Amino acid sequence: MMIKKIIFSHYFLILFFSLSLASLYFLSLNRTIQLVLFLSASVFYIIWGIGHHRNEDRKDKHIMLEYILLGLIGVILTLIIFFPFF
Amino acid sequence: MHLQSLLVHHHSLGLKKRPHLISSRALVHYFLFLLLFFISITITKIKAPEVLGFATHIDIASLFTETNKARLDSGVEGVSLNSLLSVAAEKKAKDMFKYNYWSHTSPSGVQPWDFILGENYDYIYAGENLARDFSTSKGVVDAWLDSPSHRENLLNTRYAEVGLAVVNGELDGAETTLVVQMFGTPRQSLSAITEPASISVLTASVENKVDNTKEVTEPVIEKDFEQGVTKREPTIMQLDIPISVTDTTAVINISDSTQNVVLYFAILLLVLFMIDSIYVFANRHEKHTGHGEVHILYILFIIIAVLIIRSGGIL
């Protein structure tokens, strides 16, 4: 049951990233929408990481910190990418 | 510190730590470095906009050259640059900024050929290709060639002349470079009228912001026009003088530069996480860290997303 949960959790993350990329590619040339998609992916990643490891019962602060830091790096990279357009 | 522990897992790191280059401490440093970079470019853009600016490497001369190169490569006769069509293209681009639309037809129903006829260019055939957010002229023409409908327009044997405009402005609240390419074949004989003269530089900045209306239509391939218009002989400009047009005075193209920084940094991070994950997997190390494969997936997402937003759109 636990393994099923973990696999589902991974699929869910892959699905989210795939849909975000598809939206970026097919739906919009609007920079504001692109910015929102980018930022939401980073925020989702942090939430997913924390939630996933809580479910796995591995609430280690090093692990949580890793997701938060990578998510924050994603946010700052997003700001750098979109900064010239606004 | 063991050198090995920089890149891959070493027993001295324990079970809870990653190699030094992707450790939590390293990630904090990367974050602070990127934050500093972001603050620096923000201050530079505000204090010295002439150094960092929104810019592209698209110009009319190279667009014209690339267009004719594509036609000649396909065995189609080249087109000549026409100033009336270029003015019509420029007006179309400015209209798109003014009324904030990305379409062949304006929200009020103005068609591409309305701009052409507005310049008293009496045509038999006319067509339009649009592009936005590209950074090079070759990129624009290559994208048009990759799209069957735009390719048909670009290589259409019925067109004798072309007009081009590259205009910077604000679309949907963001800095955008629009490229408008208008094809036409005048009703009159072309041989009678040639007027080699200075070629107008069709670049401008438009800052109007209005209603956000979006409509997408198929490119106009050709259009017969039978209504009477005031005839005026078209001016044909031979491209026998070099044109070098860039639409900015900025020293550094900030859009390209920042995207490159992000891309290279993300690739570096991806490689570091992949090396660690492969090493751990190959050596069957037991570790209590986050999922390396998930981090790799996230970094891959960033890389692909940057590549997507780097590529412009055509219509």
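This is a predicted model: local features need pLDDT of at least 70, side-chain atom pairs count only at pLDDT 80 or more; totals for chains, interfaces and linings use all residues.
Contact here means heavy atoms within 4.5 Å. Residues are numbered from 1 along each chain as its sequence is written.

**H3(A) against H9(B)**
- Helices are DSSP runs (H or I, at least four residues), numbered from the N terminus.
- In H3(A), Glu66(A), Tyr67(A), Leu70(A), Gly71(A), Gly74(A), Leu77(A), Ile81(A) and Phe82(A) do the touching, and their partners in H9(B) are Val294(B), His295(B), Tyr298(B), Ile302(B), Val306(B) and Ile309(B).
- Sort the residues of this contact by class and you get ten nonpolar, three polar and one charged; Ala, Val, Leu, Ile, Met, Phe, Trp, Tyr, Cys and Pro count as nonpolar, Asp, Glu, Lys and Arg as charged, and the others, Gly among them, as polar.
- The axes of H3 (residues 61-82) of chain A and H9 (residues 292-310) of chain B come within 11 Å and cross at roughly 5 degrees; axes are lines fitted to C-alpha atoms over the stretch in contact, with angles from 0 to 180 degrees between N-to-C directions.
- H3(A) and H9(B) are therefore roughly parallel (angles under 35 degrees; over 145 counts as roughly antiparallel).

**H2(A) against H9(B)**
- Here the axes come within 12 Å and cross at roughly 175 degrees, so H2(A) and H9(B) are roughly antiparallel.
- Residues of H2(A) in this contact include Arg31(A), Phe38(A), Tyr45(A) and Trp48(A), while those of H9(B) include Phe301(B) and Ala305(B).

**Salt bridges across the interface**
- The rule finds two salt bridges between chain A and chain B (a side-chain nitrogen of Lys or Arg within 4 Å of a carboxyl oxygen of Asp or Glu).
- One pairs Arg18(B) with Glu66(A) at 2.8 Å, N to O.
- Arg18(B) sits in the loop between H1 (4-7) and H2 (24-47) of chain B and Glu66(A) in H3 of chain A, so this pair joins two chains.
- Arg31(A) bridges to Asp133(B), with the closest N and O atoms 3.6 Å apart.

**The interface as a whole**
- Chain A and chain B bury about 4400 Å² between them, 74% of it on carbon and sulfur atoms; buried area is the accessible area (1.4 Å probe) lost on being put together, summed over both parts.

Methods. Chains are lettered from A and ligands numbered from 1 in the order in which they are written. Side-chain values use heavy atoms; hydrogens and water are left out. Angles under 35 degrees count as roughly parallel, over 145 as roughly antiparallel, 65 to 115 as roughly perpendicular and the rest as oblique. Buried area is the accessible area (1.4 Å probe) that two parts lose on being put together, summed over both.
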